[in-house]
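Visitor: Could you walk me through this one? I would like to start with the core and then move on to the rest.

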Amino acid sequence: MNVAAALLAQAREIGMASLAVVGTSKNAGKSVVIAALADALGRESTPFGLASLGRDGESVDALEGTPKPRFWLRPGATFATAAVLVPRSPAAEIVAVTSERCALGTIVIARSRAPGCVEIAGPPSAAALRRVVTALRAQCGFVLIDGAVDRIAALRGGEDAIVVAVGAATASTAARAADECAALVAKLRVPPHDATHEAVAIDGALTAGEAAALVRAGERRQIIVTDPTQIAFGGRVFLELARQLDLRCRESLHPIACSVAPLWAERAFEPRSFARDVAQRTRLPVYDMYANLKTDAA
Amino acid sequence: MNALWDAATSGAIGADWLQAELAPAGDFGRRARLKERLLRRGDEARARGDIARVAAVARDVEGGRLRALRAALATAPDPGALIARAASGGVLDDVDFFELSRFLESVGEAVLLTGDGAFADVRPPLADGGLRAHLEQGRTVSRTFYLADAFAPELTIARERSQAAQTAFDLARSHLAERAARYAGVESLRDGEFVLMRDRLTGPVPREIRIVRESPTYLLCELALDEEALQAQAERDAAAACVADAEEAVRARLSARVAAGASALEHACETLGALDLFVARALFAQRHACIVPEIVQRAEIAFEEARYLPLATALAERGRAYLPLTLELNGVGVVTGPNMGGKTAALRTLGFVAACLALGVPVPARAARVPLLDEVAWLGIGAPGASDGLLSTFASEIVDAAAFLQRRPSRALVLADEFARTTSPREGRALLVALLATLRSRGCLALASTHFERVAEAADASHYATGIVAAFADDEATLGLDAALQRIAQAMDYGLRIVTADAPPRADALALAGALGLDGTVLERAREEL
């Protein structure tokens, strides 16, 4: 079994044509998952697109100077990146110059014509990312989105299957990392509101202070946000407040799985038990691309 | 002043609206517009030529073709930066070639759409030194760009060798990877490092797998390439480097061609900018059925059925009628009439016609005779100083008038909307009479709206009256504002009539106030006062 292919199959089963990977922290293994999925799509000769929020795919992390995976693409893969990052060799086919910009300049859509590595850079805003994804969808049937730390707002307005990445870099212990992951998954899974019950609609973002005030006021009605990305707090604070409030959303998101990166330069977790912990806490299937392991939801 | 009018005048005479209507579609046009200057006295020959060409295209070329041209100009990418890079010896990248191809396609499209004589002076140059045809080798059916083999035979050779070397390496590596995957009990192994769980191992780790790190439950490993695979890898990397060199050589040659044609390309950019502005004018003239005015040297403006388009358009959007204006102004004139009778609209129409000429566009009228001006100044209500809040209305009007008189433009149009209305009527009238007399003596064109009596006679100015109000019934105050405004509009005659005897202007302010809902007892008291 190839676990990347299995993850793709899981997304397709629920009819998703794009898959976004979001991380619980930096170095949580998002790019590893994207690289594995790109490889799996390439092996089955499925034309796909690759987009990123922020910069990704560099051989060395731009912030920390640590090694990062570059994306090795087979011919036919379409990707969105800054014009200056389009590889000079092997030459790529230039499909379109978009009106979106990132810190490195204009974002273009290109297609690989020969096997090679690419660096990906994406726009900084959710709306711009959605436009880039739409442009990629015009070129290919399936789109992979490499998210960024704490930028789940990029998921807003999208119909993406979501994979939450957690790794040894997330927290000092496997249990804490699994907690972080469970909190993010719980937030992304805020259920749709029930129109037959009373509700309080929140205009814009719901902050921790506002949520705490609602708890103090003994609010029992549904608290409705537009979508889970409008909940502006996470981690344990989210779990605690969500336990005491009936948080709901108008547009739900679709977290389908977690990925684990148990090995990191500064610390390592035992792969199998870490995956089990995450599966138990999130009740989602967990994929380990390093060990080629899939752990089903408990 | 460098400009023909200040910001407040621009708003008052509809020049802002006109500029927005004439906005270019693309970056070239926007850049060209920054360099453009308004036509003024002395530019008569150029103005005649420009306006005649715009009018000819508006008359002879279908709107659909003009809009297609505008759409092509809107999406044409700007190659300015890449041309400069190539001209300074830089090697362009593939995104540059893609953009340059699109630019040349836009030029080609513009050339096709401007194929007749009407566009002779603004048609983009067709000659690009064969660059477009050359770049076409990289264009695919779906109009993408790729540094294709067709650019150079050595590219084909290098790529074939690289592909063969990659295949050889993949094969050599796959033998090792398959054996390692079989040992690991998986379908395939990921590139780079991978983890093997100890409890899955079926025997000693084979030589195809190199252990990077050990732990009690797992091994962190990577594929260990053998001699054959390492050799294949080295050959693959060398072949890839050859491809990189060949690709860079093609880019350098293409960049040199771009550099050689830099001045022609820059000229094409400028022509596209001029064409963009020209098309905007032609579409404007077509949309508003404009005519070529007679451009005169003497101080007179005359037009038949001219339309002040900002107002005409706004009224049309509300389904209301607009009455075009006919006027002949020699030197200085005064327009009187009731409130809401169209005095200010008359002033604006005059300014708007002058603005059309200054911007080189045909005029929205049935006929027009207009001179080019050195300045258009709006005084009175809505004048520049009126809004800064530091001066009283009267003071700011006087400051504006003083500044204008100091500038002494050789040919100006002054539009004075109820100038000096906020001081004592006797002195206000005296100031207006004096201002008009001064403007007349300086050879200015001027039209002043006023409620003061016998100004035209005293200033030796032409007198026009507008907006004769029909009688209003007593119940009209109960109609509501919208209906009252409609009724007032129906009762007005917005046409300008020449008044031969300088009779007191008919104001009908009380009747209008009644129609607009002023309390009856107040009106009664006002009538007693009269």
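Guide: A nonpolar core here is a set of buried Ala, Val, Leu, Ile, Met, Phe, Trp, Tyr and Cys residues joined through C-beta atoms within 7 Å, where a residue is buried if 20 or more other C-beta atoms lie within 10 Å of its own, exposed if 12 or fewer, and partly exposed in between, with C-beta atoms placed from the backbone. This is a predicted model, in which local features need pLDDT of at least 70 and side-chain atom pairs count only at pLDDT 80 or more, while totals for chains, interfaces and linings use all residues. Residues are numbered from 1 along each chain as its sequence is written, and chains are lettered from A and ligands numbered from 1 in the order in which they are written.

Visitor: How many residues does the largest nonpolar core have?

Guide: The largest nonpolar core has 261 residues, and those with the most contacts inside it are A:Leu37, A:Cys258, B:Val353 and B:Val414. Helix H11 of chain B, residues 262–287, gives this core its largest share, 14 residues; helices (H or I, at least four residues) and strands (E, at least two) are DSSP runs, numbered from the N terminus.

Visitor: And what does A:Leu37 touch?

Guide: Leaving aside residues up to four places away in sequence, A:Leu37 touches A:Ala4, A:Leu7, A:Leu8, A:Leu19 and A:Leu144, a contact being two residues whose C-beta atoms, placed from the backbone, lie within 7 Å.

Visitor: Switching topic, how many helices and strands are in chain A?

Guide: Chain A has seven helices and 19 strands. Of its 298 residues, 54% count as buried, and its C-alpha atoms fill a box of roughly 60 × 45 × 35 Å along the principal axes.

Visitor: Which strands of chain A form the open sheet of three, and in what order?

Guide: The order is S12-S13-S14 in chain A, with parallel pairing; two strands pair if DSSP finds at least two bridges between them. Strands S12 (199–201) and S14 (246–249) of chain A stand at the edges with a single partner strand each, so one side of each is left without a neighbour in the sheet. Three bridges join S12(A) to S13 of chain A, residues 222–225, and A:Ala201 stands opposite A:Ile224 in S13(A).

Visitor: What about the contact with chain B, how many residues are involved?

Guide: 27 residues of chain A are in contact with 28 residues of chain B. On the chain A side, the largest share, five residues, comes from S6(A).
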